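Hello,

Here is the structure I promised to pass on to you. My notes on it follow below.

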Amino acid sequence: GDDLAVNAEQVTGVDADRELPVVWAVAKGSALNKAILVPAALAISAATPWAITPLLMVGGAFLCFEGVEKVLHKVLHNEAEDEEHHQEMLKALTDESVDMVEFEREKIKGAIRTDFILSAEIVVISLGTVAAATFIEKASVLVAISVIMTVGVYGFVAAIVKLDDVGLHLSKKGGGAAKLGYLMVAGAPYLMRGLGIAGTLAMFLVGGGIIAHGIPGLEHFVHELLPPGGLGTVLGMLFNAVVGILVGLLVVGVVEGTKRLRPTQA
């Protein structure tokens with residue numbers, strides 16, 4: 001029972017009783033991010049509409065960069081380092097000397113910063129799809145998408161982080177319910193891992209698609225070479241993923257090269 005409860009808390013790295021408040025805090029930060037980004041995007045659209053495509057390209061390149069960084073982190077970090085991080089997380093959860101309020105605050109700040117970048121990309125991408133619409137239509141679409149994304153994403157996150165608690169509750173019932181509960185708690189980390197893999201793949205698909213679409217003539221040329229039907233769609237997605245990986249590797253190379261040059265210049 002106690003081991004199962006500890007395993008449930010390991011999914012998020014936050015005490016089970018504090019998971020929903022942390023998600024709520026990040027959701028409020030996300031709503032504030034979008035309240036800043038939507039007017040900014042509308043102002044850019046009205047004043048400098050030519051900037052939408054370059055912003056889309058930058059957003060796409062950043063998505064590719066994030067995807068490659070995630071993959072490289074997974075590949076270059078061995079199991080011993082991951083286990084060390086895991087044990088540090090457990091110690092933070094069980095050590096009374098650790099200020100959990102500050103621990104939560106830092107996690108929330110980091111999540112809101114990440115959300116700001118992703119929200120900016122979503123807003124710019126959404127703006128690109130309605131570039132020819134009227135100002136009112138643009139505003140309506142951006143507000144609607146922002147609300148749906150915030151409620152949908154963080155509602156889903158809240159459900160996922162409490163999945164292990166539901167499993168823990170069922171595990172105490174006995175019989176078939178207990179077996180289901182154990183399965184839910186044991187499967188929660190794998191579900192989170194699967195969602196992480198799907199999210200990384202989506203970064204390459206979306207980011208690569210934005211880059212390919214933004215390069216004049218490239219997407220049209222590729223589609224002419226692809227066979228019609230479902231196979232063509234699959235190959236098109238594969239092409240976008242390859243573009244995303246290549247662009248991500250290029251950006252990572254530039255970023256790492258710049259970091260190494262800084263001490264020399266100093």
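Along the sequence the protein reads α-α-α-α-α-α-α-α-α-α, which amounts to 10 helices and zero strands. Please keep in mind that this is a predicted model.

Some overall values for the protein to begin with. The protein has 266 residues, and 33% of them count as buried. For contacts between residues at least 6 apart in sequence, 77% join residues at least 24 apart.

On the α7 side, the contact uses Leu-163, Asp-164, Val-166, Gly-167, Leu-168, Leu-170 and Ser-171. These meet Ala-177, Ala-178, Leu-180, Gly-181, Tyr-182, Met-184, Val-185, Ala-188 and Leu-191 in α8. Sorted by class, the contact of α7 with α8 has 12 nonpolar, three polar and one charged residues.

Helix α3 (residues 52-76) also packs with α8: the two axes come within 8 Å and cross at roughly 145°. This crossing, too, is left-handed. From α3, the residues in the contact are Leu-56, Met-57, Gly-60, Ala-61, Leu-63, Cys-64, Glu-66, Gly-67, Val-68, Lys-70 and Val-71. From α8, they are Thr-200, Met-203, Phe-204, Val-206, Gly-207, Gly-208, Ile-210, Ile-211 and Gly-214. By class, the contact of α3 with α8 has 12 nonpolar, six polar and two charged residues.

One single residue is also worth a look while you have the model open. Ser-119 is part of helix α5, which spans residues 100-129. Is Ser-119 buried or exposed? With a relative accessible area of 2%, Ser-119 is buried, since buried means under 20%. Setting aside its neighbours within four places in sequence, Ser-119 is in contact with Ser-30, Lys-34 and Leu-37.

Best wishes

Notes: Residues numbered from 1 in each chain as written. Predicted model: local features only at pLDDT ≥ 70, side-chain atom pairs only at ≥ 80, totals over all residues. Heavy atoms only, no water. Helix = DSSP H or I, 4+ residues; strand = E, 2+ residues; numbered from the N terminus. Buried < 20%, exposed > 50% of the residue type's maximum accessible area, 1.4 Å probe, protein only. Contact = heavy atoms within 4.5 Å. Nonpolar A, V, L, I, M, F, W, Y, C, P; charged D, E, K, R; others polar. Axes fitted to C-alpha atoms, helices over the stretch in contact; angles between N-to-C directions. Left-handed = near helix turned anticlockwise from the far one by under 90°.
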